[in-house]
Amino acid sequence: MILPINNIKNSINFSADSNNKNKKTLEYDHDTLLSNNPVTNLRIGMDKLTNAFTLYPAKGLKGSRNANFYEFLTMGTVPYLIGSATLMAVFNLANKYFSAFDRAQASKIGQKMALGVLFYGILKNASKQLISRPVNMLTGVDTDRPYAKVIYELPDNINDTDITSIEYHKVFESVEFPRWDLLYGDETKGQKRNFRYDKIAKKLNMGENLNDSDQETKPRIKEIIVKSNLAKSISSYMWAATGVALAFQKPWEEYFNAMTFKFWKTQEFGKSLKIFGKSFVRSAKALYKGEGSGITKHAGKILLGAAALSSVLGVVNTVAGVKKAPKSTDIIQPNEKHVVN
């Protein structure tokens, strides 16, 4: 006799959540546009750095089929940091084997090398804001706008139900395929569908209340992305070189003599921070004034000027070509409902 299915006591349960009481709760359940602010960027950076040292290498070493190119690129920070630490150590760890005089001289060079590596990394990344911030203010296009991407992975075993992970990308990470969909407003929350594109169109002098502001602005946004990426590449290395030059100035030696990282000794640590600030200002002045004669004396001014000029010209080149009003000879005015004769 064939029994009805509802009479089977040990029925099969196809629910993935029924036996998974410890399932991880994700912060996002769909691709989500994030705010571009220091707090969010710091959280994203810490999450990526932690995963680069722990989760992603483990997945790669065990041959997980869910390891992907994003994780490979994120792990690039590991050799960068290890290499930087190694470069610092190479010029400092051997000092103890030198005589007293040689040790003092070698320490000065080694400490400046270490500071140069640190300033190189900081200025190379921080200087990109000198392009993206002004471009955002002038055009309304945030070239560094982040978003959280939800990834649905393949299960590694039959009992694996926690198969969702989060990746952090930028809306304009790809010039050819930006995430245009994330820039549309959520009409369920009372937002106009094209409100972000309307703001961009207004800042680009394309008019207001356009019928299709998204389609009108997309070509110009792509142009902004391409030009700003080029400007960032050039200016970031110019500022990185400036950071290295700044680290090799003589006033830093005062800080090295008082330097301490023992933050639990508040008085000594606070004093070292104060001297760091003074040494930074004096070193900047020393770099600008220069020493010697001829081109050597003005090398610092030239380097600082070139770095600043690369940022200014980068912004001007990015904005000048796209921030223009539509031609009066257009057959169809985008903000009008009639054909121009």
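Buried means under 20% relative accessible area, exposed means over 50%, and partly exposed lies in between, with a 1.4 Å probe and protein chains only. The views below show a predicted model, in which local features need pLDDT of at least 70 and side-chain atom pairs count only at pLDDT 80 or more, while totals for chains, interfaces and linings use all residues. Residues are numbered from 1 along each chain as its sequence is written, and side-chain values use heavy atoms, with hydrogens and water left out.

**View 1. Salt bridge between Lys250 and Glu253.** A salt bridge is a side-chain nitrogen of Lys or Arg within 4 Å of a carboxyl oxygen of Asp or Glu. The Lys250 and Glu253 side chains meet at 3.6 Å, N to O. Glu253 is buried because its relative accessible area is 16%, whereas Lys250, at 55% relative accessibility, counts as exposed.

**View 2. Salt bridge between Arg282 and Glu254.** The closest N and O atoms of this pair are 2.7 Å apart. Helices (H or I, at least four residues) and strands (E, at least two) are DSSP runs, numbered from the N terminus.

**View 3. Salt bridge between Asp144 and Lys170.** The structure holds twelve salt bridges. In the one shown here, the side chains of Asp144 and Lys170 meet at 3.4 Å, N to O. The pair links distant parts of the chain: Asp144 is in the loop between α6 and β2 (146-152), and Lys170 is in strand β3 (residues 164-170), 26 residues apart. Asp144 counts as buried because its relative accessibility is 10%, while Lys170 is partly exposed at 37%.

**View 4. Aromatic pair of Tyr56 and Tyr70.** Rings of Phe, Tyr and Trp (its six-membered ring) pair if their centres lie within 6.5 Å; planes under 30 degrees apart count as stacked, over 60 as edge-to-face and the rest as tilted. A search of the whole structure finds twelve such pairs. Tyr56 and Tyr70 are edge-to-face, with 6.3 Å from centre to centre and 75° between the planes. Tyr56 is in helix α2 (residues 55-61) and Tyr70 in helix α3 (residues 69-74), so that distant parts of the chain, 14 residues apart, are linked. Both Tyr56 and Tyr70 are buried.

**View 5. Aromatic pair of Trp252 and Phe280.** The two rings are edge-to-face, 6.2 Å centre to centre, with 75° between the planes. Trp252 lies in helix α9 (residues 252-258) and Phe280 in helix α10 (residues 266-289), so the pair ties together parts that are 28 residues apart in sequence. Trp252 is buried, with a relative accessible area of 0%, and Phe280 is partly exposed, with 37%. Trp252 and Phe280 belong to one aromatic cluster with Phe119, Tyr255, Phe256 and Phe276.

**View 6. Charges over the rings of Tyr184 and Tyr288.** A charge sits over a ring if NZ of Lys or CZ of Arg is within 6 Å of the ring centre and within 35 degrees of the ring normal. Arg193 lies over the face of Tyr184, 4.0 Å from the ring centre. Over the face of Tyr288 lies Lys301, at 5.1 Å from the ring centre.

**View 7. The largest nonpolar core.** A nonpolar core is a set of buried Ala, Val, Leu, Ile, Met, Phe, Trp, Tyr and Cys residues joined through side-chain atoms within 4.5 Å. The largest has 24 residues, and Val141, Phe172, Leu183 and Ile221 have the most contacts inside it. Two or more residues of this core come from each of α6 (129-139), α7 (195-203), α8 (213-247) and α11 (299-320). Helix α8 gives the most, with four residues.

**View 8. Nonpolar patch on the surface.** Leu42, Met46, Leu49, Phe53, Tyr80, Leu81 and Ile82 form the patch, with about 660 Å² of accessible area together. Patches are made of residues with over 30% relative accessible area and no salt bridge, like charges being joined within 9 Å and nonpolar side chains (Val, Leu, Ile, Met, Phe, Trp, Tyr) within 5 Å. Accessible areas come from the Shrake-Rupley method with a 1.4 Å probe; for residues, only the protein chains shown count as cover. α1 (38-53) and α4 (77-90) each supply at least two residues, and the largest share, four residues, comes from α1. Ile82, in helix α4, counts as partly exposed because its relative accessibility is 48%.
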